[in-house]
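Subject: Structure for you to look at

Hello,

Please find the structure below. My notes on it follow.

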Amino acid sequence: MPEDEKKVSKAQQKAVNKYVKNNYDRINVTFSKGDREKIKAAADAVGESVNSYIKKAVEQRMES
């Protein structure tokens, strides 16, 4: 794919940011140095994104 096809216009990014702001809550989480790589490896091992992996872990904990 050519480089110019990958770029997102400022208007597109603004629309995405507005959608996210109106439809999602953001939570900042801080981990110890080195944990990010461990979490990414664990998520990759099960074919998930880091975001999905963390969300599922939180949901499972909330269920118990």
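Is Lys56 buried, partly exposed or exposed? Lys56 is partly exposed, as its relative accessible area is 39% (buried means under 20%, exposed over 50% and partly exposed in between, with a 1.4 Å probe and protein chains only).

Before the rest, a note on the source. This is a predicted model, in which local features need pLDDT of at least 70 and side-chain atom pairs count only at pLDDT 80 or more, while totals for chains, interfaces and linings use all residues. Residues are numbered from 1 along each chain as its sequence is written, and side-chain values use heavy atoms, leaving out hydrogens and water.

Salt bridges

There are 2 salt bridges (a side-chain nitrogen of Lys or Arg within 4 Å of a carboxyl oxygen of Asp or Glu). In one of them, Lys56 meets Glu48, with N to O at 3.0 Å. In another, the closest N and O atoms of Lys40 and Asp44 are 3.1 Å apart. Lys40 and Asp44 are both in helix H3, 4 residues apart, or about one turn of the helix (helices are DSSP runs of H or I with at least four residues, numbered from the N terminus). Lys40 is partly exposed at 42% relative accessibility, and Asp44 is partly exposed at 46%.

Helices H3 and H4

The axes of H3 (residues 35-45) and H4 (residues 50-63) come within 9 Å and cross at roughly 90° (axes are lines fitted to C-alpha atoms over the stretch in contact, and angles run from 0 to 180 degrees between N-to-C directions). H3 is therefore roughly perpendicular to H4 (65 to 115 degrees). Ile39, Lys40, Ala42 and Ala43 of H3 touch Val50, Tyr53 and Ile54 of H4 (contact means heavy atoms within 4.5 Å).

Aromatic pair

The count is 1 aromatic pair (ring centres within 6.5 Å). The rings of Tyr19 and Tyr24 have centres 6.2 Å apart and planes at 65°, so the pair is edge-to-face (over 60 degrees).

Regards

Definitions and conventions
Helix = DSSP H or I, 4+ residues; strand = E, 2+ residues; numbered from the N terminus. Parallel < 35°, antiparallel > 145°, perpendicular 65-115°, else oblique. Phe/Tyr/Trp six-rings, centres within 6.5 Å; stacked < 30°, edge-to-face > 60°.
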